[in-house]
Amino acid sequence: MAARSLNDFPLTENFNLREFQCSCCGQVKIHPKLVEMLQVLREKVGRPVIITSGYRCPSRNKAVGGALQSYHMRGMAADIKVPGVSISRLAQLAESLGFNGIGLYPGFVHVDIRNGKARW
Ligand SMILES: [Zn+2]
């Protein structure tokens with residue numbers, strides 16, 4: 001069996017823990033419900049879902065200008081994109097699957113599992 005590295009193991013059929021780790025330090029914290037919902041989205045869209053930002057440690061969050069209480073720091077948010085699928089279509093899909101927080105950006109959609117709805 002090939003040597004595997006830190007955080008390298010599957011969470012679901014299509015997602016590996018590594019995909020969610022902080023890009024600056026490799027720390028990771030991720031809510032199981034977020035991953036479950038992303039897996040459902042993955043199956044609905046039928047194409048690879050790319051996590052552009054999953055967990056962020058506080059210093060990484062600050063560096064990217066994230067919200068002070070960002071759900072990325074709580075393992076409850078992910079920024080995603082799907083090559084070949086528009087941002088608005090991806091946001092519609094997230095909406096239909098019940099993500100509570102949805103934010104559209106040029107190039108990616110932010111989804112999170114906060115309590116209560118937020119749209120931007
Ligand atoms: Zn970090």
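A residue is described here as buried when its relative accessible area is under 20%, as exposed when that area is over 50%, and as partly exposed in between (1.4 Å probe, protein chains only). The model is predicted, so that local features need pLDDT of at least 70 and side-chain atom pairs count only at pLDDT 80 or more, while totals for chains, interfaces and linings use all residues. Residues are numbered from 1 along each chain as its sequence is written, and side-chain values use heavy atoms, with hydrogens and water left out.

In the segment before α1 lies N7, which is buried because its relative accessibility is 13%. Although N7 is not a glycine, its phi is positive, at about 70°; most residues other than glycine have a negative phi.

The zinc ion is coordinated by the SG atoms of C22, C24, C25 and C57 at 2.2 to 2.3 Å, where donors are N, O and S atoms within 2.8 Å of the metal (3.2 Å for Na, K and Ca). The arrangement is tetrahedral because the four donor atoms subtend angles of 103 to 121°, four donors being counted as tetrahedral if all angles lie between 85 and 135 degrees. C22 is buried, at 2% relative accessibility, whereas C24, at 46%, is partly exposed.

Methods. Tetrahedral: all angles 85-135°; square planar, octahedral: opposite > 155°, others 65-115°. Helix = DSSP H or I, 4+ residues; strand = E, 2+ residues; numbered from the N terminus.
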